[in-house]
Amino acid sequence: MTASDALALLGGNLLLQLLPQFPPWSWWWLLLLLPPLLLYRRSPRLSRPLLIATASGLWLLANASALLQQLPPELEGVNLELTGTIASLPSLGEGGRRHLFRVEEGRRLGELVKLPELIRLSWYHDPPSTLRPGERWQLTVRLKRPWGMSNPGTFDYEQWLFHNGIAATGYVRRGEDNRPLGGEGAGPIDRLRYHLYLQLQQRLNDSPYAGVMTALVVGERSGISDAQWQLFLETGTNHLMAISGLHVGLVAGVIFFLARGAWCWFPGGTTLVAAPRFAAIAALLGALLYAALAGFSIPTQRALIMVAVGLGAVLLRRAVSPGQLLSVAMILVILWQPMAPLSPGFWLSFAAVAAIFYFVRRSGSPKGMVARLWQLLLLQMILFLTLLPLLAHHFGQVSLLAPLANLIAVPFVGMVIVPLLLLGVVLLALHPLLADPFLHFSALLMGWLLQFLQQLQPLAPPYLLHSPGLGATLLALLGAIWLTAPRGWPGRALGVIAFVPLLFTLPPRPDPGEARVTVVDVGQGLATLVETRNHLLIFDTGPRFPSGFNTGSAVIVPMLRARGRTQVDRLIISHGDIDHIGGARAVSEEMTVAQILTSVPEAVEWAASRPCYRGESWQWDGVAFRLIHPPRQQAATTSENDLSCVLQITAGEESLLLTGDIEAAAERSLVAAEGAALHSTYLVVPHHGSRTSSTPAFIEQVSPRWAIIPAGRRNRFRFPHPEVEARYRQAGASTVVTGDEGAITLTLGATPPVPLQRHRLQQRRYWHSIPTNNSYDRVW
C-alpha cells in the first residue's frame, strides 16, 4: 500500500461526500468497477487509482445508505412503546437525563413497527436516579427524524447524529409504563465503564476537577463546567479533554517504554520474545483497554487504528517509512469508518501526526536539556502553523496561546496525570483506599495545570477568524509546509504570504444602500440579523432552555463570527418572551453591544437599555430604519405581545417589516397609524403564524411579496396555523417557514435583485432531512 493508494481512497470518498443527495444503494452499482478492472491489464498505473477511488465511493455509498434508514414519517410525534437497552453513560444536566437507547422492539397501539436500531432519548420529567448502561427498559416515547437548526457557519447537529449512527431522537413520556425489565444487555466493558464512572464520582466528589478526571478515564465530559471548558478553549488545550489519538498514543508510548525496560530485567525474557516485540504487545493491549474505557467512541477507534499500525510494524519487524505508516493508517481508518472524513478530528489527527513525523525526521536527536526544550517549542510552533488553517476552517478561531500552553499541558497530562489516574483506576479493583492517593494526587495536579492556564489566559484572547473558503485553507496549508521547510529552502519566509487570505480577508459585505437580512433558524422563536456595509443590528435572539442551551451563544454568535462581525451596533429585544429574549444575555457577553432597545427594559438586568418607541428613526450606509410601534402612550390593559417593538427597514425600493409577537389589537393600531406606509416587500409574520395575529386588514395593508414565518418544525404550539398560511397565499404572498427551510437570507436594495436564499435547501448535504410534506411536518 502506497501514499497514492491512500490518496485515491480518500479522493473517491470525498468526491461522493460532496453530493447533496445519495442515490439508493443497489448491487448494480458494482458494475461501475468493470471499466477500471478492464483497463487494469493494459495500464495498471493509471487504472489502479481509478479502481481504488471507485471502490471507495461505493463502500461509502453502501455504508451511508444503511445509516440513512430513518424513522418513517407516520411514526413521528406519536406515542411508541419501546423495549431495549441503555446504550451509553447517561449525561445529567439541568434539563434532565440524556442517553442512547438500542431498540429491540417497537410498538404503536400494540402493533409491531419498524424502528431505527440506535436512538437518542432525553428524559425531562422525573428521570430515575440511576440509569445503567445495558439495563433493559420498557419506555413510552415520542420520536422524530434527525433534525437540527440549519444556519450558515454553525454546528451541524444532523451531521453529528449521522456520523454517530443515531437515526432518531426523542423524549420519554410520563407514565407508569416506563419501567426496568429483568436481565441486562450490557457486556463486561459497559459494566466496567459504569462502575468506574460511579467510583470516580464517589471518590472525587469533593474535587472541582472530578468532571475533568472522569472525562480522561471513561470519556464522559458532561461533568466539565462551562468555566473549565472556556479556559481550555481559550488556551487551545480543549483537545486534551477528549480521549483521542494524543491520549491513546501517549498511553501506548508510556506502556511501551516501561514494558521494554521491565522485560529486559526479567530473567530469560529476551530469549523468549524480543523486548521491542513484548513492549509492542503490551502497549497495544494497553491502548485497547484505554479505548474500551472510552466506550470505543469514533475518535478513539480512529486513534486505536493509527496506534495499531505503528505497533504492528514493530511486531512484524518491518522497517517502514513514516509516509507508509500514515498511508496504511489512513486506508484502514477510511475502510473501518467511511464517514470519518466528515469529522474535523480526522483531518487534525493526520495533519498533526504528519507534522510530528516531518519534524522528527528533519531535526534529529538534540543533545542537552536546553536544546531539547527548544526542539519541543519548535515542534509546538510547527503544529500550530500546520493546524491553524484546519482550526480556522472548522471552528473559526484559534488560540494564540496554544504553542506555549500545549508545551506544558501535553506532556504533563499525557505522561504524568493520565498514567497516575489510570494507575489509581487499576488499584480500585484491589481496594479503594489504595486508589485514593493516586486519584486525589492526579486531581491535585490537574488543579495546578488549570491554575497555570488561568495565568496564561489573560495574555492573549482567542484570535477569531471568519469561516474561510476551501481555497484559502489549502493555500495556508501550503504556506505552512513552505514555512517549515528545511534550512536552505529558497524563500521560506514567503510562506507567510499564503496565510494572508486566511487571516485578513473578510467575507463580502453589502454594498452601500443595501441591507442583508437573515431570519435565523432558532427553532421555535425569532432572531434576525440585519447587516449594512458598516453596521449590524440584531432583532431578537431566540430561545433559552432550562438545560442552559441558548441560541445566542450556539447560533447567533458563531454566525456573526463566521461573517467577520465582532460588534453589534444595536440590539432590539421586541418583548420579554423567552423565545425572543433567551439568547440576548449571551450575545451581550460574547460580543460588544453598543446599544439595547426593548419594550421590557426591566427584563434586561445584565446591561443598560432604553425603551423602544414609535417615531425613532436612523440611517446606516444609505439604509433607513424606522420604529413604528409601540406608541409612547398605551392602555394599561395592553398585552406584552402587543407592546412588541416593530421595525421597518427600507433600502432602495424594497422594505422589510419585523413585527415581534404583535396580535390583532396592535395590528389594528398600526393599520390606523401608518396606512399605506405599512406596505413592505417582506414581512416577518407576527407571532410565528398564530391565529391571534395576521388579521386580513393587516395583511392587505402590508401586502408583502414574501411572508417569512419564524416557527420551529413540529413545535408544540402547532405554528404556523394552516388558516394563517392560507390567508397569506390568498393575498398573493409566498410563504417560507424557518423550521422547514432553515435560515432565510434576503438582500434589500440590491441591483440586480438577489433571490431569497433558503439555507437548508441550498446548502443541502446527503445526511440532511428535507421536509417532503410541509403541512404534515408541522402537525403533531
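Here is a walk through this structure, from its sheets and helices to a few of its side chains. Keep in mind that you are looking at a predicted model.

Let's start with a sheet of seven strands. It is open, its pairing is mixed, and its strands come in the order β19-β20-β21-β22-β23-β24-β25. At the edges you'll find β19 (617–620) and β25 (734–737), each of which pairs on one side only. On average, neighbouring strands here are turned by 20° against each other, ignoring direction. Zoom in on the β25 end: strand β24 (residues 706–709) runs parallel to β25, and four bridges join the two. One spot to look for is Ala-707, which stands opposite Thr-735 in β25.

Helix α22 (residues 664–674) touches β20 (623–629) and β21 (646–651), and its direction makes about 120° with that of β20. Helix α24 (residues 722–730) touches β23 (682–684), β24 and β25, with its direction at about 145° to that of β25.

Next, a place where helix meets helix. Helix α8 (residues 245–265) and helix α11 (residues 298–315) pack at an angle of about 35°, and their axes are 8 Å apart. Their crossing is right-handed. From α8, the contact uses Gly-245, Val-248, Gly-249, Ala-252 and Phe-256; from α11, it uses Thr-300, Ala-303, Val-307, Leu-311 and Val-314. Sorted by class, that gives seven nonpolar residues, three polar ones and no charged ones.

Is Arg-203 buried or exposed? Its relative accessible area is 18%, and because the cut-off for buried is under 20%, Arg-203 counts as buried. Leaving aside residues up to four places away in sequence, Arg-203 touches Leu-428, Pro-432, Leu-433, Asp-436, Leu-439 and His-440.

Finally, the aromatic rings: a search of the whole structure turns up 20 aromatic pairs. In one of them, Tyr-124 and Tyr-171 are tilted, with 6.4 Å centre to centre and 40° between the planes. Tyr-124 lies in the loop between β5 (118–123) and β6 (135–144), while Tyr-171 is in strand β7 (residues 168–172), so this pair ties together parts 47 residues apart in sequence. Tyr-124 is partly exposed at 44% relative accessible area, and Tyr-171 is partly exposed at 24%. Phe-346 and Trp-347 make an edge-to-face pair, because their planes stand at 85°, with ring centres 5.1 Å apart. Here Phe-346 is buried, at 0% relative accessible area, whereas Trp-347 is partly exposed, at 25%. One last stop: Phe-22, Phe-162, Tyr-766 and Trp-767 come together in one aromatic cluster.

How values were computed. Residues are numbered from 1 along each chain as its sequence is written. This is a predicted model: local features need pLDDT of at least 70, side-chain atom pairs count only at pLDDT 80 or more; totals for chains, interfaces and linings use all residues. Side-chain values use heavy atoms; hydrogens and water are left out. Axes are lines fitted to C-alpha atoms, for helices over the stretch in contact, and angles run from 0 to 180 degrees between N-to-C directions. A crossing is left-handed if the near helix is turned anticlockwise from the far one by less than a right angle, and right-handed if clockwise. Contact means heavy atoms within 4.5 Å. Ala, Val, Leu, Ile, Met, Phe, Trp, Tyr, Cys and Pro count as nonpolar, Asp, Glu, Lys and Arg as charged, and the others, Gly among them, as polar. Two strands pair if DSSP finds at least two bridges between them. Buried means under 20% relative accessible area, exposed over 50%, partly exposed in between (1.4 Å probe, protein chains only). Rings of Phe, Tyr and Trp (its six-membered ring) pair if their centres lie within 6.5 Å; planes under 30 degrees apart count as stacked, over 60 as edge-to-face and the rest as tilted.
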